[in-house]
Amino acid sequence: MKKQLDQYGLHLSKANGPSFSNPPARWVTDASCLSKADIILVTVKSSGTEVIADEIAKHAKSSVIVCSLQNGVTNLPILRKKLPKSCSLIGCVVPYNVVQLGEGKFKQATLSELLIGDEAMANKFKEYELPCQSHDNIEAAMYGKLLINLTNAVNALSGLSLRDVYSTYGYRRVVSASMKEALAVYSAAGVEVEPVNLKLPLWLIPHGFLLPNVLFSMLVRDLKKIDPSSRVSMCEDLDRGRKTEVMELNGVIVDMGENANPNKQALDCLGARGRRRESAIGWLCRNAGRGYRLNLSSFGRQVTVLTYR
């Protein structure tokens, strides 16, 4: 990444918004630079959270403010455990998609604003003209974002753009099945969750994905505004042979389900093993790590949704 930015500079663009090129910044890879930071934004994949937490603890000031802008719900507990108690840790949710286009170009491909779990920090972001809003229950919003992130494995395995996945009924059916399972697990585990982006009651969101294409496009009015090049970063991970975040996203639901009801045999990968019909999340957990594409639109007719009691 540093080589790319050194060669081409940084070019940022926004869906239906202004573009910026070469904003004032330094590109460094030496973690010792953290010693000068007042605010640190953690944007690494979940698999790298422990490593970056150790680097922050080693180099940063004890009074540093750390903002986690990461997918999943496992990062804040890791940071909280490894960082000094004198450090201010703030959870954030990035409810939009950013596409890496190469040659230092990055584009916000879907419309939304950052959610910041601290009002003072949200105001600080606004000083730099970064659209955001404060959220008084950011961890509940993280679980809401995790629900949306269940789309990631479907997008990655399909090889299509995010807009094409949302526009195809078969893919939406897989997403819907995953969401139903996740909501059942949330309920069994007593997790508090708030919806992100979709302005629907939680229980209704999976059903919305099952609407015919015409009705779904009416429900999600911003569907046509999603950039045609939009893909989740898990797609890039598969393309480049890197480890995906599927176990930190879908896999968390599997673990929560097992912990909520460990004696239920169907919770072995959410009932995916030993059954003719597979659970959506368990199936995606296994296949999104294999590095190949599958036609999920046909699989969408075979998913089984489990019930947790």
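How much accessible surface does the protein have, and what share of that surface belongs to carbon and sulfur atoms? The accessible surface comes to about 16000 Å², of which 49% belongs to carbon and sulfur atoms. Areas come from the Shrake-Rupley method with a 1.4 Å probe; for residues, only the protein chains shown count as cover.

The model is predicted: local features need pLDDT of at least 70, side-chain atom pairs count only at pLDDT 80 or more, and totals for chains, interfaces and linings use all residues. Residues are numbered from 1 along each chain as its sequence is written, and side-chain values use heavy atoms, without hydrogens and water.

The protein has 309 residues, and 47% of them are buried (under 20% relative accessible area, 1.4 Å probe, protein chains only). It holds 14 helices and 9 strands, taken as DSSP runs numbered from the N terminus (helices H or I, at least four residues; strands E, at least two).

Four strands form an open sheet in the order E2-E1-E7-E6, with mixed pairing. Pairing requires at least two DSSP bridges between two strands. Strands E2 (19–21) and E6 (98–102) are the edges, each pairing on one side only. E6 pairs with E7 (residues 105–108) in the antiparallel sense, over 4 bridges. Within this part of the sheet, Gly102 has Lys105 of E7 as its bridge partner.

Ala122 lies in helix H4 (residues 119–127). Ala122 is buried, with a relative accessible area of 1%. Beyond its neighbours within four places in sequence, Ala122 contacts Ile116, Cys132, Gln133 and Ser134 (heavy atoms within 4.5 Å). Ser134 is 12 residues from Ala122 along the chain, and their C-alpha atoms are separated by 5.6 Å.

How values were computed:
Buried means under 20% relative accessible area, exposed over 50%, partly exposed in between (1.4 Å probe, protein chains only).
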